[in-house]
Amino acid sequence: MSPVAVLAGIGSRLPPRLVTNDELAARLDTSDEWIRSRTGIARRYFAPDDMQTSDLAAAAGAEALKSSGESQVDTVVVATTTPDRPCPGTAPTVASKLGLGQPAAFDVSAVCTGFLYALANAAGLIASGVSERALVVGVETFSRILDPTDRGTSTIFGDGAGAVVLRAGRPDELGALGPCTLGSDGEGVDLITVPAGPEARYFTMQGKRVFWLAVQRMSQCAQEVLRQAEWRTTDVDHLVSHQANQRITWQLADEIGIPRERSVSNIAEVGNTAAASIPLALDHARAEGLIKAGDRLLLTAFGGGLTWGAAALRWPAVGRG
Ligand code: UT7
């Protein structure tokens, strides 16, 4: 029987600078009330100038390794929209900062769906026997690409990192990654983008148009994964969706037919952290004791590309790093 990827450890890290809605409202035409009621966000964290994406990734990665009880992996996959540099990838730097020797190390670029794409990549390497143990990190320093004058994006995004360790195991083990589906539609490239060109450096998003697409795409692929896993909606203990907007999270739960209280949410505390959002939400829910060993998790994300994905996971007994 070929091996499957089993989640063996988890960790996360937020940068030190807390940014409140009131701080943003002091320089932008917005208010704490608008941001909370339209997005659910109360605060987010920004990385200071001397903190690189790879620093945040390595901090989350170190926690995930500790939580797994392992000190070595043979593969490092980093999902990010905001790498240390356009070239090379950030993953080799993360591996080096963690003292992991010379593992396979590469980045995955799928914006807010990045973590699920990275997870599927690492799981594929494990299933094919190329890798035995992989560190998968979702990390962003999104504050670096936000237009400080744009209230439509500056109020929403935040920085952070979440990481998991995957190891080769059996499909009947807790932590075994279940069915996974991924998709894209390049026709929507302009809806979420840092436009190309010498003058362009800031992230742009057509929020209203993206809102319904996010709900539709996540609900479609999440339901596809439910079918593949042979789970009913009532089997799902926690819906862990990309934390883009609290209203999206609720609409998505309604659309799939999962009670809203079963959807995990940490958007109030961290904002939209793009590729870091799912592993951060998982780690925060684990830390609060919300997610327990044996729980059935339905993960789903949507982001720039456009890209989307979903995966099923039975939560393992993993503790703090
Ligand atoms: O992570 C990748 C996927 N991302 C998403 O899925 C994000 C999806 N989109 C959203 O979450 C929401 O569309 C936003 C939070 C971005 C915007 O919320 P909305 O309820 O869709 O607002 P809107 O864009 O329809 O704007 C409504 C009004 C507008 O004013 P007028 O034209 O009605 O006078 C906006 O200019 O709210 C205004 N507005 C704001 N007002 C105060 C937009 N942003 C702000 C703001 N503060 N920050």
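1. Pro-88 lies in the loop between strand 4 (75-79) and helix 4 (91-97), where helices (H or I, at least four residues) and strands (E, at least two) are DSSP runs numbered from the N terminus. The peptide bond that joins Cys-87 to Pro-88 is cis, with omega near 0 degrees.

2. The model is predicted: local features need pLDDT of at least 70, side-chain atom pairs count only at pLDDT 80 or more, and totals for chains, interfaces and linings use all residues. Residues are numbered from 1 along each chain as its sequence is written, and side-chain values use heavy atoms, with hydrogens and water left out.

3. A cis peptide bond is also found between Gly-305 and Leu-306, with omega about -5 degrees. Leu-306 belongs to the loop between strand 12 (296-303) and strand 13 (307-314).

4. Val-111 is not a glycine, yet its phi is positive, at about 50 degrees. This residue sits in the loop between strand 5 (104-108) and helix 5 (114-127). With 15% relative accessibility, Val-111 counts as buried (buried means under 20% relative accessible area, exposed over 50%, partly exposed in between; 1.4 Å probe, protein chains only).

5. Glu-230 likewise has a positive phi, near 55 degrees, in a residue other than glycine. Its place is the loop between helix 7 and strand 11 (238-241), and at 72% relative accessibility Glu-230 counts as exposed.

6. The ligand is surrounded by 22 residues, the closest being Thr-30, Arg-151, His-242, Asn-245 and Asn-272; a residue is near a molecule if one of its heavy atoms lies within 4 Å of it. Domain 1 (4-169) and domain 2 (177-314) both contribute to this shell, so the ligand lies between them; the domain bounds come from an automatic or database domain assignment. Five residues of the shell, the largest share, come from helix 7.

7. The structure holds four aromatic pairs (rings of Phe, Tyr and Trp, the last by its six-membered ring, with centres within 6.5 Å; planes under 30 degrees apart count as stacked, over 60 as edge-to-face and the rest as tilted). The rings of Phe-157 and Phe-203 have centres 5.0 Å apart and planes at 70 degrees, so this pair is edge-to-face. Both Phe-157 and Phe-203 are buried. Ring pairs link Phe-142, Phe-157 and Phe-203 into a cluster.
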